[in-house]
Every structure is written in C-alpha cells, then in structure tokens.
Amino acid sequence: MAVHDAYARLTPYELAFPGRDEAASHFEAIQEEAGRRGLDLGDPTAFAMTEAVGNVLGEIRESADDPLVVQQYRELLFHSIHFFLEGEKVYLLEVTAARHLVKRELDLLTWVPEELPRAGYLQLPRNLFWARPLEDAPPEALDGLFWTAPGNGMISTLVVTGMRDDRPGFSAIPLSPLPVAGMVEWGAASVREGAEDFASTLPGGELERLYSVETHGEVLKLLARVLWYLERHPDRITPESSIVGEESGSGKGAGRSAAPRGTALPYRRIHLD
C-alpha cells in the first residue's frame, strides 16, 4: 500500500495542542464561560469574544508577534474545540476515493445534508492536492480540512497546508461560514473560471496526476463531495486504530525519505469498496 493510504498522519490538532490535558482544560474553560454567558460557541464571532479564548491567545502572543499567526491560531482554536467535543474524528481519504470524488459525476442535487458530523478533520492523500496559502507564495501540499457544522445551519471550514516533518508549524486558511444547505450547490457546481476544477497548475503536475486548489469554491466542492459520500456510503468508512509506535515514522529522523509521523488518534478510512 502506498504511504498516502497506509495510515493517518500526525494532525495539525496534535501539533498545535501537544499537551492533551492542558488543551482539554482550555476547551472546558471556553465551554463553561459560553454556557454561563449564553454565547453560541458555533458562532465564530461570539466564540472570539469569550475571555477564555482571549487568555489562550494571550499565551500565543507572548511567543508570536505576527498578527497573522494569532489570527490563524484563533481560527484553529475554534475548529479544535468543536473537533474535541465531537470526539476528535479524523477521516483519512484514500487516493482512489479522492480521484473518484474529484472526477465523477455525482448525484448531489438530491442530497439533503441534514445529518452532517458536527465537526471533523479530513486528511487528504499526501502531496496529491496543492494550493497557495498567499497569492504570491510558493505552492504547498494540502494536508486536510477542518469543518465545523454545530447544528445552527452554518458550516465553517479551515484549510491546512504545509504540514511537514522537516519544519515546525503549518498554514491555516479560514473560509467564511456559509449555510449548510448551500453545500449541495457547491458540490455540483463548476467553480474555476476558464479551466477544469482541480486542474493542476504545477509544472508537470498533470503528468503526476496532481490536483491544484485555486479557489475557495474548489475547497467547498471537495468537502461537500466527501460529506455526501460519508452519508451515502457508510459501509465504505472503516474505523482504524492509531499505529504510533509501529512503522509510522514516529520517532524516526526527519530525512526526506522518512515516512511521515503517524497520528496518535484513532481514525476512519474513506475508501471505494
């Protein structure tokens, strides 16, 4: 099996919150304050107004002066608390399933997305999808997508790029919340003007059958198709255990030929059959 599909890799959630007990205490403090003040944690604006969130971000400001880093961490914190409350659900998308969902005509217009998982992390095949975190920046591989659909009719998405063992950190690109019902149209739409959706813009990328994500619409299209697939084909979602401590790259050197580090979280594999 290719390394893309062999196991789920270390997630940005684990990288950002290496101390699980400390992270849980932060999340519980945010949840307690929101309940006491009657705030909707599913609303990113209300979430950012809590004192507990400000305290967490204050710790980040001590080590990061860049306002962009603080903003990215705030967005990651929003998705992480919902990810935590939903049971830390990681979904590994296999290469064959990814190609199927990108290229095939799917019956999305009959889909009514009412029973979406409230939060999760979709991990994409390694180095298959590419994007630019900033317009003039070099392309980076997409690691995956966080989504949060807390039951208020809206869904928020966070794109994660640049997860590599040979450097710290990653890039986090938030998308504006949109109505859950709108995912149907995004999943069925053609969104890139003047070119086929997901067509590679990397030199030689088409020869390697790589995909580029040039627009927010392509992010939403990919996520919508995966969420549709989760609902329509539950028999093609296989729970698996973490393999940290086995041949996952965990604890090994970070050379170019080393396998990527594995996640310590249990995960669900999305496959074709």
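This is a predicted model: local features need pLDDT of at least 70, side-chain atom pairs count only at pLDDT 80 or more; totals for chains, interfaces and linings use all residues.
Colleague: Which residue joins its side chain to that of lysine 89 in a polar contact?

Modeller: Setting aside neighbours within four places in sequence, lysine 89 is in contact with Phe83, Ala119, Gly120, Tyr121 and Arg268. The polar contact, at 3.4 Å, is with another residue: its partner is glutamate 86.

Colleague: How far apart in space are lysine 89 and proline 266, C-alpha to C-alpha?

Modeller: Along the sequence, 177 residues separate lysine 89 from proline 266. In space, C-alpha to C-alpha, the gap is 7.8 Å.

Colleague: What does H6 reach from its first C-alpha to its last?

Modeller: H6 has 19 residues. The expected span is 1.5 Å times one less than the number of residues, which gives 27 Å here. The model comes close to that, with H6 reaching 27 Å.

Colleague: Which residue just after H6 takes a positive phi?

Modeller: H6 itself has buried residues, including Tyr73, Leu76 and Phe83. Just after the helix, phi is about 95° at one residue, glycine 87.

Colleague: Where does the largest share of the largest nonpolar core come from?

Modeller: That core has 45 residues, and Leu93, Trp111 and Ile270 are among those with the most contacts inside it. Several elements each supply at least two residues, including E1, H7 and H9. The largest share, 10 residues, comes from H9.

How values were computed
Residues are numbered from 1 along each chain as its sequence is written. Side-chain values use heavy atoms; hydrogens and water are left out. A nonpolar core is a set of buried Ala, Val, Leu, Ile, Met, Phe, Trp, Tyr and Cys residues joined through side-chain atoms within 4.5 Å. Buried means under 20% relative accessible area, exposed over 50%, partly exposed in between (1.4 Å probe, protein chains only). Helices (H or I, at least four residues) and strands (E, at least two) are DSSP runs, numbered from the N terminus. Contact means heavy atoms within 4.5 Å. A polar contact is a pair of N or O atoms within 3.5 Å; within protein, one must be able to donate a hydrogen and the other to accept it, and residues adjacent in sequence count only if both atoms are side-chain atoms.
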